[in-house]
Amino acid sequence: MWSFFHKLGSPPWLYRISGSILRWLLPLTLIALCAGAVWGLFYTAPDFRQGNSYRIIYIHVPAAVVALAGYYVMAIAGAVSLIWKMKMADVAMKACAPVGAALTFIALVTGAIWGKPTWGTWWVWDARITSMLILLFLYLGVIALYEAFDNKEAAGKACAVLTLVGTVNIPIIYKSVDWWYSLHQPASIKFTGESSIDPSMLYPLLLMIGSFYALFTCALLMNMRLEILRRESRTGWVRKLVGA
């Protein structure tokens, strides 16, 4: 276990293993995304209340779920970077921020599109929506902090602290519909009780959630590979890789 942990701190090893993972994960992810989107958007029955407008859940829900999970990944990487001074954890934290920001933005935009026919408005200062907006600002804050510092070690420490402090927002997002009056509907998928969504609609949604997790992983690995090449550009193994 510890040997694997130490291997994760090796830029050449991480670059090589991430490339091997991407070679099979990326095509499978694209196939799963296409299959889930076609299944959910074109082959599920209309909702008895919302008609066809509910179909946006096959984009909105996976983007929101993975945006939240992505923040935990970034926070764990930040903690590892602070505690063990592992440079590759810092790379992972930096690589995670733009991917998480993109997913959060997609979740907010698709939520607004869904809210217009459902609530009659594009935006309300609902607890769930507002806390998701804060999540977007946290992701953007990490990106901005990295650009603001010339000293990348200091930038990593500042971003790690911001990321860890921001984790308090994640349980607020999860529980906001239970703690406050909210226009946002409660979770349709439940692990401790019966889900409120019909199985014919649930299965393509689960496929899309799994596909978005895989998409997040692919985007994260590609960003990490790019950042590794930037940081290691003067090393022998990178020069050999690019044929310099």
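Buried means under 20% relative accessible area, exposed means over 50%, and partly exposed lies in between. The exercises below use these cut-offs on a predicted model.

**Exercise 1. Classify Asp90 and Arg231: buried, partly exposed or exposed?**

Step 1. Take Asp90. Its relative accessible area is 7%. That is under 20%, so Asp90 is buried.

Step 2. Take Arg231. Its relative accessible area is 31%.

**Exercise 2. Find what joins the side chains of Asp90 and Arg231, and state where the two residues sit.**

Step 1. Check the side chains. Asp90 and Arg231 form a salt bridge, with N to O at 2.8 Å.

Step 2. Place the residues. Asp90 belongs to helix H4 (residues 87–119), and Arg231 belongs to helix H8 (residues 199–231). They are 141 residues apart, so the pair links distant parts of the chain.

Step 3. Recall the general idea. Side chains of opposite charge can pair when their charged atoms come close.

**Exercise 3. Trace the salt bridges of Glu227 to Lys94 and to Arg230.**

Step 1. Start with Lys94. Its side chain meets that of Glu227 in a salt bridge of 3.4 Å, N to O. Glu227 is in helix H8 and Lys94 in helix H4, 133 residues apart.

Step 2. Turn to Arg230. A salt bridge of 3.7 Å, N to O, joins its side chain to that of Glu227. Arg230 and Glu227 are three residues apart in helix H8, which means about one helical turn separates them.

Step 3. Compare the surroundings. Glu227 is buried at 7% relative accessibility. Lys94 is buried too, at 19%. Arg230 is exposed, at 54%.

Step 4. Asp90, Lys94, Glu227, Arg230 and Arg231 are linked in a network of salt bridges. The whole structure holds four salt bridges.

**Exercise 4. Compare the UniProt "transmembrane region" record with the helices of the model for residues 57–83 and 127–146.**

Step 1. Read the record. The unreviewed UniProt entry places "transmembrane region" at residues 21–45, 57–83, 95–115, 127–146, 158–181 and 201–222.

Step 2. Look at residues 57–83. The span is 100% helix and 0% strand. Its end C-alpha atoms lie 39 Å apart.

Step 3. Look at residues 127–146. This span is also 100% helix and 0% strand. Its end C-alpha atoms lie 29 Å apart.

**Exercise 5. Describe the setting of His60 and name the atom its side chain reaches.**

Step 1. Locate His60. It is in helix H3 (residues 57–84).

Step 2. The relative accessible area is 11%, so His60 is buried.

Step 3. Follow the side chain. It reaches the backbone oxygen of Ala107 at 2.9 Å.

Definitions and conventions. Residues are numbered from 1 along each chain as its sequence is written. This is a predicted model: local features need pLDDT of at least 70, side-chain atom pairs count only at pLDDT 80 or more; totals for chains, interfaces and linings use all residues. Side-chain values use heavy atoms; hydrogens and water are left out. Helices (H or I, at least four residues) and strands (E, at least two) are DSSP runs, numbered from the N terminus. Buried means under 20% relative accessible area, exposed over 50%, partly exposed in between (1.4 Å probe, protein chains only). UniProt positions are given in the numbering used here, feature names are shortened, and annotations may be inferred rather than shown by experiment. A polar contact is a pair of N or O atoms within 3.5 Å; within protein, one must be able to donate a hydrogen and the other to accept it, and residues adjacent in sequence count only if both atoms are side-chain atoms.
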